[in-house]
Amino acid sequence: EEGKCRNSLGRQPYLGLVGALQFGVFLPARGSRTLHILVGRTEREPAGYRRHLRALRRKFFANEGVDREFGRLEESWRRMLGRVSLRSPDPEVDRVYNVWLKYQQHNTARFIRALDQIGYRDILQDMLGICSFNPEYVREHLPTVLNHQLRDGRAIRQFFRYPNTNAPNDERMYADSPLWIADTLVTYLQE
């Protein structure tokens with residue numbers, strides 16, 4: 001409407017955040033400039049988010065932190081992509097399996113399932129898919145998922161990842177939700 005951002009807090013109609021950035025950059029002819037933009041989630045309360053932002057600035061924007069973190073990211077991908085590989089007569093099949101399917105599965109688990117509400121069986125299926133090349137992610141996140149299994153063995157349909165959401169978990173029972181626990185856990189332990 002106004003052709004510019006107004007520094008508003010934004011709205012979360014579906015408990016997912018939509019954000020926009022606007023800033024001006026002047027570049028002279030043949031000039032260049034590097035911009036580092038950090039996007040993520042932080043606390044809602046001003047004191048909490050100010051403390052968190054200070055820590056992020058120290059980590060990323062001081063002492064070549066962005067370059068250091070990119071180096072760590074590249075090394076982690078080299079490690080993940082090299083753990084399990086396929087060699088077939090078709091190099092395209094190899095590339096799809098050895099690179100693109102791993103990127104897709106990893107990013108689905110990290111970013112699509114990083115929204116506020118998490119599907120119980122969805123995240124277990126994602127973890128099952130990455131056990132062979134990223135067991136560290138599974139080790140870190142599997143306990144969170146298993147905490148939402150009920151004492152009688154059933155599992156809820158969806159749960160909220162972030163504690164201050166103030167929304168109830170979706171406790172409808174889906175028959176196949178707990179079935180994914182055994183497959184994921186056994187595959188993880190075998191890896």
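Is Arg30 exposed or buried at 89% relative accessibility? Arg30 counts as exposed (over 50% relative accessible area; buried is under 20%, partly exposed in between, with a 1.4 Å probe and protein chains only).

The model is predicted, with local features needing pLDDT of at least 70, side-chain atom pairs counted only at pLDDT 80 or more, and totals for chains, interfaces and linings using all residues. Residues are numbered from 1 along each chain as its sequence is written, and side-chain values use heavy atoms, with hydrogens and water left out.

**Figure 1. Overview of the protein chain, with six helices and three strands.** Helices (H or I, at least four residues) and strands (E, at least two) are DSSP runs, numbered from the N terminus. Their order from the N terminus is α-α-α-β-α-α-β-β-α. The chain has 191 residues, and 25% of them are buried. Contact means heavy atoms within 4.5 Å. Among contacts with a separation of 6 or more, 50% join residues 24 or more positions apart.

**Figure 2. Helix 4 against helix 6.** Helix 4 spans residues 120-130 and helix 6 spans residues 179-190. Their axes come within 9 Å and cross at roughly 25°. That angle makes helix 4 roughly parallel to helix 6. Axes are lines fitted to C-alpha atoms, for helices over the stretch in contact, and angles run from 0 to 180 degrees between N-to-C directions. Angles under 35 degrees count as roughly parallel, over 145 as roughly antiparallel, 65 to 115 as roughly perpendicular and the rest as oblique. The crossing is left-handed, meaning that the near helix is turned anticlockwise from the far one by less than a right angle; clockwise would be right-handed. Helix 4 contributes Tyr120, Arg121, Leu124, Gln125, Met127 and Leu128. Helix 6 meets them with Trp180, Ile181, Asp183, Thr184 and Thr187. By class, this contact has six nonpolar, three polar and two charged residues. Ala, Val, Leu, Ile, Met, Phe, Trp, Tyr, Cys and Pro count as nonpolar, Asp, Glu, Lys and Arg as charged, and the others, Gly among them, as polar.

Figure 3. Tyr120, Ile123, Leu124, Asp126, Met127 and Ile130 are buried in helix 4. An α-helix has 3.6 residues a turn, so residues three or four places apart point the same way. The cover over these residues includes helix 3 (91-110), strand 1 (117-119), helix 5 (135-146), strand 2 (156-160) and helix 6.

**Figure 4. Helix 3 against helix 4.** The two helices pack at an angle of about 145°, with axes 9 Å apart. Their crossing is left-handed. Gln105, His106, Thr108 and Ala109 come from helix 3. Helix 4 supplies Ile123, Gln125, Asp126, Gly129 and Ile130. The contact divides into three nonpolar, five polar and one charged residues.

**Figure 5. Helix 2 against helix 3.** Helix 2 (residues 65-83) packs on helix 3 at an angle of about 115°, with the axes 10 Å apart. This crossing is right-handed. Trp77, Met80 and Leu81 of helix 2 make the contact with Asn98, Val99, Lys102, Tyr103, His106 and Asn107 of helix 3. Five nonpolar, three polar and one charged residues take part.

**Figure 6. Gln158 in strand 2.** Gln158 counts as buried, at 17% relative accessibility. Beyond its neighbours within four places in sequence, Gln158 is in contact with Gln117, Ile118, Gly119, Tyr120, Asn169 and Asp170. Gln158 and Arg121 are 37 residues apart in sequence, yet 8.4 Å apart from C-alpha to C-alpha.

**Figure 7. Arg30 and Asn63, two residues with positive phi.** Arg30 sits in the segment before helix 1. Its phi is about 60°, although Arg30 is not a glycine. Asn63 lies in the loop between helix 1 and helix 2. Phi of Asn63 is near 55°. Asn63 counts as exposed, at 70% relative accessibility.

**Figure 8. Arg6, in the segment before helix 1 (46-60).** Arg6 counts as exposed, at 60% relative accessibility. Arg6 and Gln22 are 16 residues apart along the chain, and their C-alpha atoms are separated by 9.4 Å.
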